[in-house]
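Work through the exercises below with the sequence and the model in view. Each task is followed by a solution in steps.

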Amino acid sequence: MNKAPTDELPLGTTPAFAGMHKWLQRGLIVCLTALVLEGAFTFPLLALWYGWPQLSLHEICTEFEKIRFADDSRECIYPYPLFGPAEGAGQKTAQDEWGIQPKPLYKAIGYRELIQRRDERLARQAAAHASQP
């Protein structure tokens, strides 16, 4: 018994569009695979960029808070309370230009710069404590 070519096609595919559907499916599989790989490598590579393993993930988060809000007393809250206030609510120290497209006024953070910033801040705090009588 001979099958007609239309019997082998997926449901809803006509012979005229069978080749297009095959290439669309292949393209989508490639794109989805690339997205999964990108997502899998983004976080570890960014953590290395910002200073892990010299800084823990909590310390990296805390340094971001201090930079973002221009406030050395800011700390990263982990775990964040389920029904806690919005992150940064009531902060008046952030030095950003607010509008339709907010523009942060802090410099971009370079390779492993959070380590240097933390060490400088700790040295300033130690010098301030040492100078107090």
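**Exercise 1. Overall form**

Task: Find what share of the contacts with a separation of 6 or more joins residues 24 or more positions apart, and describe the overall dimensions of the protein.

Solution. 
- Step 1. In this predicted model, residues 24 or more positions apart account for 48% of the contacts with a separation of 6 or more.
- Step 2. The secondary structure consists of three helices and zero strands, in the order α-α-α along the sequence.
- Step 3. The C-alpha trace spans about 100 × 35 × 30 Å along its principal axes.
- Step 4. The radius of gyration is 26 Å, whereas a compact globule of 133 residues would have one near 14 Å.
- Step 5. Of the 133 residues, 18% are buried. The protein exposes about 10800 Å², and 65% of this comes from carbon and sulfur atoms.

**Exercise 2. Nonpolar residues inside and outside**

Task: Identify which residues make up the largest nonpolar core and which form a nonpolar patch on the surface.

Solution. 
- Step 1. The largest nonpolar core has seven residues: Tyr 50, Leu 55, Ile 60, Ile 67, Ile 109, Leu 114 and Ile 115. Helices α2 and α3 (113-131) are the elements that give two or more residues to this core.
- Step 2. Apart from neighbours within four places in sequence, Ile 67 is in contact with Tyr 106, Ile 109, Leu 114 and Arg 117.
- Step 3. Now turn to the surface. Leu 37, Phe 41, Phe 43, Leu 45, Leu 48, Trp 52 and Leu 57 form a nonpolar patch with about 730 Å² of accessible area together.
- Step 4. Helix α1 (residues 18-50) gives the most to the patch, namely five residues. Leu 57, another patch member, has its place in helix α2 (residues 57-68).
- Step 5. The relative accessible area of Leu 57 is 43%, so Leu 57 is classed as partly exposed.

**Exercise 3. A glutamate in helix α2**

Task: Glu 63 lies in helix α2. Is Glu 63 buried or exposed, and what is it in contact with?

Solution. 
- Step 1. Buried means under 20% relative accessible area. Glu 63 has 4%, so it is buried.
- Step 2. Leaving out neighbours within four places in sequence, the contacts of Glu 63 are Leu 114, Arg 117, Arg 118 and Arg 121.

**Exercise 4. Salt bridges**

Task: State how many salt bridges there are, then examine the pairs that Arg 74, Arg 124 and Arg 117 form.

Solution. 
- Step 1. Side chains of opposite charge can pair when their charged atoms come close. The count here is eight salt bridges.
- Step 2. Arg 74 pairs with Glu 65, with 2.5 Å between the closest N and O atoms. Both residues of this pair are buried.
- Step 3. Arg 124 and Asp 72 meet in a salt bridge at 3.5 Å, N to O. Arg 124 is in helix α3 and Asp 72 in the loop between α2 and α3, so this pair ties together parts 52 residues apart in sequence.
- Step 4. Arg 124 is partly exposed at 48% relative accessible area, and Asp 72 is partly exposed at 41%.
- Step 5. Arg 117 forms a salt bridge with Glu 113, the closest N and O atoms being 3.0 Å apart. Both lie in helix α3, four residues apart, about one turn of the helix.
- Step 6. Arg 117 is partly exposed, with 22% relative accessible area, while Glu 113 is buried, with 17%.

Technical notes:
Residues numbered from 1 in each chain as written. Predicted model: local features only at pLDDT ≥ 70, side-chain atom pairs only at ≥ 80, totals over all residues. Heavy atoms only, no water. Patch = residues over 30% accessible without salt bridge, like charges linked within 9 Å, V, L, I, M, F, W, Y side chains within 5 Å. Areas by Shrake-Rupley, 256 points an atom, 1.4 Å probe, with all protein chains shown as cover. Salt bridge = Lys/Arg side-chain N within 4 Å of Asp/Glu carboxyl O. Buried < 20%, exposed > 50% of the residue type's maximum accessible area, 1.4 Å probe, protein only. Core = buried A, V, L, I, M, F, W, Y, C linked by side-chain atoms within 4.5 Å. Contact = heavy atoms within 4.5 Å. Rg over C-alpha atoms; globule rule 2.2 N^0.38 Å.
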